[in-house]
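Hi everyone, thanks for making time.

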Amino acid sequence: NEILDILSPQPGETGLDATLGYGGHARELLARVAPAGRLFGIDVDAAEFARTSARLRQAGFDESQLVLHRTNFDQVTSLLAEAGGGFDFVLADLGVSSMQIDNPARGFSFKTDGPLDLRLNPGSGSSACELLQSVTRQALRDLLTDNADEPFAVPLAAALQGQYLQTTLELADLIRLTLQTSLPKRMPEAERKIETTKSLQRTFQALRICVNDEFGVLDRFLDALPSCLKPGARVAIMSFHSGEDR
């Protein structure tokens, strides 16, 4: 409701859901621009984009109402001609969703075993497994700090750099082992578990951001965005952590 208040989509307007995801936001936005408005929906995740596209088409949203393209949101200017020169409102919900995290085959979670990939588009770029083998210790320390504010970036970089880790659980086990010696010895066991879990979350987040160039994509999106907006347009961007906020 807060997002809808900020964006205030009106009947007949043209909007963009720059991170289509499961399509929940798109449904609410479409209901408000109907009957004459249009919503563009884009997403870089090939697997989830196909499922969500089918789901929204089955719900009755045809091409005249909902225009779908599989692309990253830093390519927003490529939509301008089809959108009539600009958008009345834009929504971007950053990061990943439960769809990716809950699927072990995607390798986004340290809680289940899966390939150490972390790419939203497995057909592009290098996996997290390949990154750990090629990155320097300094660069790994920096990305743990910049992408996740990881306080144990130095010992984690020393432990992980150059390792050949094929699965998410292999990486999680090495993080846990590193934290055993990095955390203060007098820290109560309950606190140690909490801090270890936080480092697991932050390390997976930092690697995911790196292999998907998430901050680079966001920078390019923000640079392009002003030229994509009609007079009086509104933009809402939902962030999840401090790196995205910065």
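Let's start where Pro-155, Leu-156, Ala-159 and Leu-160 of α7 meet a set of residues in α8, namely Leu-171, Leu-174, Ile-175, Thr-178, Leu-179 and Ser-182. Sorted by class, that α7 with α8 contact holds eight nonpolar and two polar residues, and no charged ones. Before I go further, please keep in mind that this is a predicted model.

Now the geometry. Two packed helices are described by the angle between their axes and the distance between the axes. For α7 and helix α8, which covers residues 168-182, the angle is about 135° and the axes are 10 Å apart. Angles over 145 degrees would count as roughly antiparallel and 65 to 115 as roughly perpendicular, so α7 and α8 are oblique to each other. Their crossing is right-handed.

On to the other partner I want to show you, α6. Helix α6 spans residues 137-148 and helix α7 spans residues 153-160; their axes come within 8 Å and cross at roughly 135°. α6 and α7 are therefore oblique to each other as well, and the crossing of α6 and α7 is right-handed. Who makes that contact? From α6 we have Arg-137, Leu-140, Arg-141, Leu-144 and Thr-145, and from α7 come Ala-153, Val-154, Leu-156, Ala-157, Ala-158 and Leu-160. By class, that gives eight nonpolar residues, one polar and two charged for α6 with α7.

Next, let's turn to the aromatic rings. How many aromatic pairs are there? The count comes to three. The one I'd like you to zoom in on is Phe-40 with Phe-87, an edge-to-face pair at 5.6 Å centre to centre, with 80° between the planes. Phe-40 sits in strand β2 (residues 38-42) and Phe-87 in strand β4 (residues 87-93), so this pair ties together parts that are 47 residues apart in sequence.

One last stop, and it brings β4 back. In helix α10, residues 214-224, the buried residues are Glu-214, Gly-216, Val-217, Leu-218, Phe-221 and Ala-224. What do the buried residues of α10 pack against? Their partners are β4, α9 (189-211), β5 (229-238) and α11 (242-245).

That's my tour, and I'm happy to take questions.

Technical notes. Residues are numbered from 1 along each chain as its sequence is written. This is a predicted model: local features need pLDDT of at least 70, side-chain atom pairs count only at pLDDT 80 or more; totals for chains, interfaces and linings use all residues. Side-chain values use heavy atoms; hydrogens and water are left out. Axes are lines fitted to C-alpha atoms, for helices over the stretch in contact, and angles run from 0 to 180 degrees between N-to-C directions. Helices (H or I, at least four residues) and strands (E, at least two) are DSSP runs, numbered from the N terminus. Angles under 35 degrees count as roughly parallel, over 145 as roughly antiparallel, 65 to 115 as roughly perpendicular and the rest as oblique. A crossing is left-handed if the near helix is turned anticlockwise from the far one by less than a right angle, and right-handed if clockwise. Contact means heavy atoms within 4.5 Å. Ala, Val, Leu, Ile, Met, Phe, Trp, Tyr, Cys and Pro count as nonpolar, Asp, Glu, Lys and Arg as charged, and the others, Gly among them, as polar. Rings of Phe, Tyr and Trp (its six-membered ring) pair if their centres lie within 6.5 Å; planes under 30 degrees apart count as stacked, over 60 as edge-to-face and the rest as tilted. Buried means under 20% relative accessible area, exposed over 50%, partly exposed in between (1.4 Å probe, protein chains only).
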